[in-house]
Amino acid sequence: ASETHTFSPNLLFVASFGDALVPRKQAPEPPPVTMQSLGANVPYTQPGGPMITVTISGYASPITSFYIEPYRTAVQQYRGAFTWVHSKHMLQFGMDVTRTTQYSLMNNAAGTWTYNGSITSLSTLKGSGDAFADFLLGVPQQFQQQGTSAEDIAGTLWAPWIQDDWKALPRLTLNLGFRWDPNTPPIDRFGPQTGFIPGERSIVAPGAPLGVVYSADPG
């Protein structure tokens, strides 16, 4: 949607707005086997369909991904632009504003498993260690699991700009312009987001490792 307003024969203003909403639902296709069906004594963190997310380095990575429901991304774009014609100049200036929000409920109820050969590797035996051997032993290098986590991400980008088409000579026109497009970080309105500031002690979570900070910490 846009609106054009003529203030005078040489001054014009155009305001525009755009809105896009993208809904999405992600439900993994049930796999023929899961780590639980293969004997892993790891209960699901919550009810749901079967899932498998495994990485066996150098061999395979059978992954059904996570459940995400609901999931939606909304983007609103605003623009205000003036055009002013004066003497040998056609000056244009304004601002673009982009507002993005993303909401999702995601769960990794079955867990993710990573095998990389480190378990069967010996420092005294060069070339030892095999990811598939680690898998057969049932000893992953890393395991992660979580219940449902909600994210409500919101961010706004402000971009002021100005440009001038200056007819310096009858056969020479200079196109000059400047745009400031800072990358301001989004926030999670549910929190917490994690960041890293070397040497900083978190006030929100004092027991966290030095340097790890969270939403609501200073800065």
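Predicted model: local features only at pLDDT ≥ 70, side-chain atom pairs only at ≥ 80, totals over all residues.
**Entry 1. Serine 87**

I then asked where serine 87 lies. I found serine 87 in the loop between strand 4 and strand 5. I noted that the phi of serine 87 is near 55°, a positive value in a residue other than glycine. The hairpin of strand 4 and strand 5 has two residues between the strands.

**Entry 2. The strands around the hairpin**

I next checked how strand 4 is paired. Strand 4 and strand 5 run antiparallel and are joined by 18 bridges. As one pair I recorded tyrosine 67, whose bridge partner in strand 5 is asparagine 107. Strand 4 (residues 67–86) also pairs with strand 2 (residues 11–26), again in the antiparallel sense, over 15 bridges. Here I noted phenylalanine 17, which stands opposite tyrosine 78 in strand 4.

**Entry 3. Serine 104**

I turned to serine 104, which is found in strand 5. Is serine 104 buried or exposed? Its relative accessibility is 6%, and the cut-off for buried is under 20%, so serine 104 counts as buried. I listed the residues that serine 104 touches, leaving out those up to four places away in sequence: Ile68, Pro70, Tyr71, Ser149, Ala150 and Glu151.

**Entry 4. The largest nonpolar core**

Which residues make up the largest nonpolar core? I found eight in all: Met35, Val42, Ile52, Val54, Ile56, Trp113, Tyr115 and Ala131. Strand 3 (54–56) and strand 5 (89–115) each supply at least two residues of this core. For background I wrote down that nonpolar side chains in soluble globular proteins tend to be buried together.

I then looked up the contacts of tyrosine 115, not counting residues up to four places away in sequence. Tyrosine 115 touches Met35, Val54, Ile56 and Ala131, among others.

**Entry 5. The largest pocket**

Lastly I examined the largest pocket, in which about 380 Å³ of space lies. How many residues line the largest pocket? I recorded 16 lining residues, of which Pro186, Ile187, Gln193, Tyr214 and Ser215 lie nearest the centre of the pocket. The lining divides into nine nonpolar, five polar and two charged residues.

Technical notes
Residues numbered from 1 in each chain as written. Heavy atoms only, no water. 1 Å grid on protein atoms, 1.4 Å probe; cavity = no way out; pocket = protein on both sides within 12 Å on 5 of 7 lines; lining within 4 Å. Points joined across faces, edges and corners; volume = space filled by probe spheres on them. Nonpolar A, V, L, I, M, F, W, Y, C, P; charged D, E, K, R; others polar. Core = buried A, V, L, I, M, F, W, Y, C linked by side-chain atoms within 4.5 Å. Buried < 20%, exposed > 50% of the residue type's maximum accessible area, 1.4 Å probe, protein only. Helix = DSSP H or I, 4+ residues; strand = E, 2+ residues; numbered from the N terminus. Contact = heavy atoms within 4.5 Å. Pairing = 2+ DSSP bridges.
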